[in-house]
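Here's a quick tour of this model, one chain at a time and then the place where the chains meet. Have a look at the structure first.

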Amino acid sequence: MSAVPPHARPPIPGRSPATAESPLVRRLLIGTTLLFLGLFLFVPLVAVFTQAFAKGAGVYLAALHEPDALASIRLTLLTAAITVPLTLVFGLAAAWAIARFEFPGRALLLALIDLPFAVSPVIAGMIFVLLFGAQGILGPWLQAHGLHIIFAVPGIILATLFVTAPFVARELIPVMQEQGSEEEEAALLLGAGGLKTYLRVTLPNIKWGLLYGVILCNARAMGEFGAVSVVSGHIRGLTNTMPLHVEILYNEYNFAAAFAVASLLTLLALLTLAVRSLIEWRTREGVVAAGVPEEDSAPAGPGGGAPQAAGAG
Amino acid sequence: MSIHVQGVSKSFGEVVAVRDATLEVATGDLLALLGPSGSGKTTLLRIIAGLETPDRGRILFHGEDATDRALKDRRVGFVFQHYALFRHMNVFENVAFGLRVRPAEVRPRERDLRTRVRELLRLVQIEPLAERYPSQLSGGQRQRVALARALAVEPRVLLLDEPFGALDARVRKELRRWLRRLHDEMHITSVFVTHDQEEALEVGDHIVVMNQGRIEQIGTPEEVYNSPANPFVFSFLGSANLLRGRVHRGRARLGSIDLEAPEHAGTEDCEVVAYVRPHDLEIERALVLRPAPGAGDRPERAVRRAAIEAVVRDVRVFAPIVRLELDPVEGDGPMVAEMSEERFRILGLQKGEPVLVTPRNVKVFVAS
């Protein structure tokens, strides 16, 4: 039969002298990148930790041991602990529905999932004030029943939920669409029920995308400032999350304490990046082992919102 | 177990994928669903499997209505075109999957399960690969894993979607002979989809030819090849030369030739298309060169009834056979003829030489 033409791969740029840029251009490009990285990313990072330890480790630890700081850390952890599982469940359900089924309103649902990315977090906070605030639509009813949402912990959790809702779903939808439903069909035909198919075939296939989404979601839940700031009321020791606590300390010119708490958030950001790289490396390893380099199963970055995920202060 | 497909139709939006399909697969039969892409063959296979719900019609397994039966109760083995192996499980676990997900009371014990999976891997000749992951296998090996996985649940029906479609030509030929032997040993009722007529003719006990969602013909390979029901089936099952002309009371006049067409004995003067296979064109050297125009028409008359005058345009040698491209002196476009290399050597034909072409086994269809 006809001979299969050999797959001509485009040469890797920089390897072949025919396609490489001139040394001057290369140095210029690399230099610009390094300069930008250094000035805008590395220096601030170092600055955070230098400022945090400017008055010694004793002051640093004291700033973290202070009751208001501890309360803000506890509230931040509580918010993440409630938000992340809910976002996870929502994300799994939404991604499954969107990637596996055609139904009326599917496009609308996709657009709605993206809404929190498109809307400024401050506006997200305002929405909840408008709904649940004293002058809000449900305000009088809530007051009559003695329920506090705005300027209380439930409001903070609601606002964080709104902002973080898309993270898991957005991560999973492309992964599930790319993988298709054939493996699930195969499992069903082999006699596995719906639940067994989901647990043994669907979930293992999306686990890296899922973990990636959860990590980004967690970083954002802990670092969210705008939306939480509007609904929190800034009550010290009660409704301050870590980013809000950093802001208060900073406004009081208590720089060492502000940067001490900020350094914790920064550590979280670094940890997130590390895990993210690990996951990307892990998925790429899998792909390379598979010998199918044209299949790009590395999780795609989410839309907006990710870079400022943990950058508060 | 037998399969009956009764009046099944299926549309996707505006597109009609399957139109009123009715067919029967006898117990132990190996049936080929043959058709070009978009002919609805894969949709029909997925309907039989239960992966698609028909808009109309019924599917019977062994006489029982299975149209609405749940997938997991159908006991259908399905081999996907791209295999759909579980990528996070190794070969062994892929094959074991169907046994592991059984309800606890009918699940085999671990030791029995291992024996059974080993047996299957031996059957499909991939036992040494048990620990590998699908990504580390070649196309042919993945195909065998997919088959072993489908067989593990002891299906009553085996369905295969383009089972050799993604393999290269040599592996494909090997694997289809092997599948045929495997079927002869196991006698499990099977349906496979293919767009390759050679594959259908070589592997299938019966062939269903589909086109644009409709079943064009059902028959044994011999029947569909030698007695095609219509021009589509004829031209889809192999190369064909097309001749146009008219038929009148059992005689067809196609360009410069006349021939008997007894199946059209009752037809009054009607336009027809006729098809003939390349190997059914008998080639002889034209001993007398065609006389120049106006030099008397007697020699021309002599050849007129049976043969077409043509000039050899090109010669292609494919090991045991030789393919000639011919330009008829008058009438329709170029023709293709095939002959043995031996015959070609005896004739000693060169490009540009005149020949006489006598068609045999011409199939004449009333033009629609």
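What percentage of the 313 residues in chain A is buried? Buried residues make up 36% of them, where buried takes 20 or more other C-beta atoms, placed from the backbone, within 10 Å of a residue's own.

Keep in mind that this is a predicted model: local features need pLDDT of at least 70, side-chain atom pairs count only at pLDDT 80 or more, and totals for chains, interfaces and linings use all residues. Residues are numbered from 1 along each chain as its sequence is written, with chains lettered from A and ligands numbered from 1 in the order in which they are written.

Chain A has 13 helices and zero strands (DSSP runs: H or I of at least four residues for helices, E of at least two for strands, numbered from the N terminus). Of its contacts with a separation of 6 or more, 75% link residues 24 or more positions apart; a contact means C-beta atoms, placed from the backbone, within 7 Å.

Over in chain B, an open antiparallel sheet runs β13-β12-β11-β14-β20, with strands counted as paired when DSSP finds at least two bridges between them. β13 and β20 of chain B each have a single partner strand, so one side of each lacks a neighbour in the sheet. Strands β11 and β12 of chain B are joined by four bridges, and B:His248 sits opposite B:Arg251 in β12(B).

Here's who touches whom:

| Chain | Residues in the contact |
|---|---|
| Chain A | 20 residues |
| Chain B | 19 residues |

On the chain B side, β6 (76-79) and α2 (91-100) each supply at least two residues.

Terms used. Buried ≥ 20, exposed ≤ 12 C-beta atoms within 10 Å, placed from the backbone. Contact = placed C-beta atoms within 7 Å.
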